[in-house]
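Here is a short briefing on one protein model. Keep the structure open as you read.

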Amino acid sequence: MTKLFRLTGTLPDWLIASFWLLVLAAIWSAAIRVLKIPDYILPSPEQVVGLIGSKFSYFLAHTASTLTVIAVGFGCGVAAAIPTGLALAKIRWLERALYPFVVFLQTMPLISLVPVLIIWFGYGLVPASILVGFSVFFPVLVNAVAGVRSTPDRLYFVTRTMGASPLQTFRYIDWPTMLPYLTSAFRIALALATTTAVVSEFLASNDGLGYAALIGARNRDTVQVIAVVLITATVGVLLNTVSLLVEKRITRRYRD
């Protein structure tokens, strides 16, 4: 057993994950056969994989649509959260004035905004992206504020003594200090963005993985619904992996 654990430690993470996925799929398939679970309750992994293969272009188009929603909403949310967080961290009276309003917006159920967004913007990319942007905004904002607040006061004293401009202070002091906090926030925000994008497509879109799951539910096609769930989970894992790689590269660059 000890040798097995040592061998496992030398294997790549993706290989270990693939092995356990195969084990899980085998257990899933065996449980369906042994317990005689009907297809309309829980389809076998062979059926799900077969459907994805036979309708590959269909699922690929919906996945691309969902990724577009995630990219637009994530980009807008981050672009709004970073300068807002910097302003709240630097200007105390602004934080006291705006932070309760920001918390109010965050605690408001996003799903309640869907009818209003549909009335304003119709179905499609815009309302779904707005919901994703809202879900991304708060975690990035909080971490941006925490990153700036973690900067030692003596560093600001040195920059003022040397006559650094606000832009230079941001570039050499604030930004490197914020970056570790932001990269951690990005991973959390990407997970929220993926979930929010799929849920918003249930109601506010005519394409995307959420819409594909809705069509499957309407047609009582359990295989398609499970296929969408697996594809969404795969998208989330890939986005998390990419964010981890970017985080390691960025932190290594600024550390060196």
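A residue is called buried when its relative accessible area is under 20%, and exposed when that area is over 50%. Phe137 has 19% relative accessibility, so Phe137 counts as buried. Arg220 has 75%, so Arg220 counts as exposed. Keep in mind that this model is predicted.

- Phe137 sits in helix α7.
- Along the chain, Phe137 and Val78 are 59 residues apart. Their C-alpha atoms are separated by 6.2 Å.
- Arg220 belongs to the loop that runs between α10 (209–218) and α11.
- The phi angle of Arg220 is near 55°. That is a positive value in a residue other than glycine.

**How α4 and α7 pack**

- Two packed helices are described by the angle between their axes and the distance between the axes.
- Helix α7 covers residues 125–149. The axes of α4 and α7 come within 6 Å.
- These axes cross at roughly 35°, and the crossing is right-handed.
- Sorted by class, the contact of α4 with α7 has 21 nonpolar, seven polar and two charged residues.

**The largest nonpolar core**

- The largest nonpolar core has 30 residues.
- Which of them touch the most other members? They are Val136, Val140, Leu141 and Met178.
- Two or more residues of this core come from each of α4, α5 (92–107), α7 and α9 (166–204).
- Helix α7 gives the most to this core, with ten residues.

**The largest pocket**

- Rolling a probe the size of a water molecule over the atoms shows where empty space is left.
- The largest pocket has a volume of about 810 Å³.
- How many residues line the largest pocket? The lining has 25 residues.
- Leu21, Leu230, Ile231, Ala233 and Thr234 lie nearest the centre of this pocket.
- At least two lining residues come from each of α2 (13–35), α3 (45–54), α4 (56–90) and α11 (222–255).
- Which helix gives the most to the lining of the largest pocket? Helix α11 does, with eight residues.
- By class, the lining divides into 21 nonpolar residues, three polar and one charged.

**Links to trace**

- Follow α4 through the model. Helix α4 supplies residues to the lining of the largest pocket.

Methods:
Residues numbered from 1 in each chain as written. Predicted model: local features only at pLDDT ≥ 70, side-chain atom pairs only at ≥ 80, totals over all residues. Heavy atoms only, no water. 1 Å grid on protein atoms, 1.4 Å probe; cavity = no way out; pocket = protein on both sides within 12 Å on 5 of 7 lines; lining within 4 Å. Points joined across faces, edges and corners; volume = space filled by probe spheres on them. Helix = DSSP H or I, 4+ residues; strand = E, 2+ residues; numbered from the N terminus. Nonpolar A, V, L, I, M, F, W, Y, C, P; charged D, E, K, R; others polar. Axes fitted to C-alpha atoms, helices over the stretch in contact; angles between N-to-C directions. Left-handed = near helix turned anticlockwise from the far one by under 90°. Core = buried A, V, L, I, M, F, W, Y, C linked by side-chain atoms within 4.5 Å. Buried < 20%, exposed > 50% of the residue type's maximum accessible area, 1.4 Å probe, protein only.
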